[in-house]
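Please look over the sequence and structure first.

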Amino acid sequence: MGITGTQPRLKNLELPAVGGSDVHVKMLAAPINPSDINMIQGNYGLLPKLPAVGGNEGVGQVVAVGSSVTGVKPGDWVIPANAGLGTWRTEAVFSEEALVGVPKDIPLPSAATLGVNPCTAYRMLVDFEQLQPGDCVIQNASNSGVGQAVIQIAAALGLRTINVVRDRPDIQKLTERLRNLGADHVITEEELRKHEMKNFLKDVPQPRLALNCVGGKSSTELLRHLAPGGTMVTYGGMAKQPVIASVGLLIFKDLKLRGFWLSQWKKDHSPDQFKELILTLCDLIRRGQLTAPACSQVPLQDYQRALEASTQPFVSSKQILTM
């Protein structure tokens, strides 16, 4: 049973026989991410052939393996090696190379949300600027899945974070939650635009790295606060507006504008390097330095409710479908 099509529907699907290099997987849990919604709407960089099952990440348990499978065995937990696998279903038969084994001693919500957001957060923190402990990173959409992972991974690496969020009725509660994850500073988009911000940021080193998931005015503000020679990495565009960089800032501060897409990173690196990244993150999870984002677990049958909830503004909880 899986959620298929551009108008998501729950359908019963035929399971193919398990061939030599196939793995029969019972799905356990799969989140709803913005990229999943973009894929359904048809405005994502990678689109599966239709009819397709939705869901780009999640965790499943191996039920049976074909005769030539060596990497996983029944009982193991697995996550997708790449986007587009279709995880919003109860069970499936996948080829072995479409899967990556993960340890079973991490919490289920962590395993279900491991393959996309924390990987994106880690690579962006490590790959663009040679940051040292004590250095500073600024980001918008700090309450997103990636944002929460950035806060925790940065703290584990000894980096300080300035975390920008949209103003909302329960801003105090949100600030507290992000501080508990390790955020050094939490400020609203409006506060970032104020002149007093200059004095506030005197006490922190100027960020050399900015992470942008919003675009529009928000990204222009991030650029204003970057150190000379710094980099802004764009990995999402929630405002659906272009990144506008002032000519003065580009010339006089020599700022770099880069993009990041995990699917491209995987194409440029070997499956073993992705596995290594997953195991690095699992170590952080075991040490208590990386937790899953705040989640609401919703049975697959109630997918309609979960999809609706995931598109509401200011929802601080990631919807996770449980099978």
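## The second largest cavity

The lining of the second largest cavity is made up of eight nonpolar residues, one polar residue and no charged residue. In this grouping Ala, Val, Leu, Ile, Met, Phe, Trp, Tyr, Cys and Pro are nonpolar, Asp, Glu, Lys and Arg are charged, and the others, Gly among them, are polar. The residues in question are V25, M27, G58, V78, I79, P80, L85, F94 and L99. Two strands, β3 (22–31) and β5 (77–80), each give at least two residues to this lining, and β5 has the largest share, with three. The volume of this cavity is about 30 Å³.

The model is predicted: local features need pLDDT of at least 70, side-chain atom pairs count only at pLDDT 80 or more, and totals for chains, interfaces and linings use all residues. Residues are numbered from 1 along each chain as its sequence is written, and side-chain values use heavy atoms, with hydrogens and water left out.

## How spaces are found

Rolling a probe the size of a water molecule over the atoms shows where empty space is left. On a 1 Å grid over the protein atoms alone, a cavity is a set of points where a 1.4 Å probe fits but cannot get out; a pocket is an open set with protein on both sides within 12 Å along at least five of seven lines; and lining residues have an atom within 4 Å of a point. Points are joined across faces, edges and corners, and a volume is the space filled by probe spheres set on them. Helices (H or I, at least four residues) and strands (E, at least two) are DSSP runs, numbered from the N terminus.

## The largest cavity

Searching the whole structure gives two cavities of 30 Å³ or more. The largest has a volume of about 100 Å³. It is lined by 14 residues, and T113, P118, T291, A292 and P293 are the closest to its centre.

At least two lining residues come from each of α3 (117–127) and α4 (145–156). Helix α4 gives the most, with four residues. By class, this lining holds seven nonpolar, seven polar and no charged residues.

## The second largest pocket

The second largest pocket has a volume of about 300 Å³. Its lining consists of 17 residues, and those nearest the centre are A81, E97, L99, V100 and P271. Two or more lining residues come from each of β7 (99–102), α10 (262–268) and α11 (271–286). The largest share, four residues, belongs to α11. Seven of the lining residues are nonpolar, five are polar and five are charged.

D105 sits in the loop between β7 and α2 (108–112). This residue counts as exposed because its relative accessibility is 52%; buried means under 20% relative accessible area, exposed over 50%, and partly exposed in between, with a 1.4 Å probe and protein chains only.

The side chain of D105 makes a polar contact of 2.9 Å with that of R286. Such a contact is a pair of N or O atoms within 3.5 Å; within protein, one must be able to donate a hydrogen and the other to accept it, and residues adjacent in sequence count only if both atoms are side-chain atoms. The C-alpha atoms of D105 and C282 are 9.1 Å apart, although 177 residues separate the two along the chain.

## Cysteines

How many disulfides does a search of the whole structure find? It finds zero, a disulfide being a pair of cysteine sulfur atoms within 2.5 Å. For C136, the closest cysteine sulfur is that of C213, which at 19 Å is too far for a bond. C136 is buried, at 1% relative accessibility.

C282 is in no disulfide either, and the nearest cysteine sulfur, in C119, is 9.2 Å away. C282 has a relative accessible area of 0% and so is buried.

## Aromatic pairs

There are two aromatic pairs. Rings of Phe, Tyr and Trp (its six-membered ring) pair if their centres lie within 6.5 Å; planes under 30 degrees apart count as stacked, over 60 as edge-to-face and the rest as tilted. Y44 and W261 form an edge-to-face pair, 5.8 Å centre to centre with 80° between the planes. Y44 is in the loop between α1 (34–41) and β4 (59–65), and W261 is in the loop between β14 (256–259) and α10, 217 residues apart. Y44 is partly exposed, at 22% relative accessible area, as is W261, at 26%.

The pair of F128 and F260 is also edge-to-face, with 6.3 Å centre to centre and 85° between the planes. F128 lies in the loop between α3 and β8 (136–139), and F260 in the loop between β14 and α10, 132 residues apart. Both F128 and F260 are buried.
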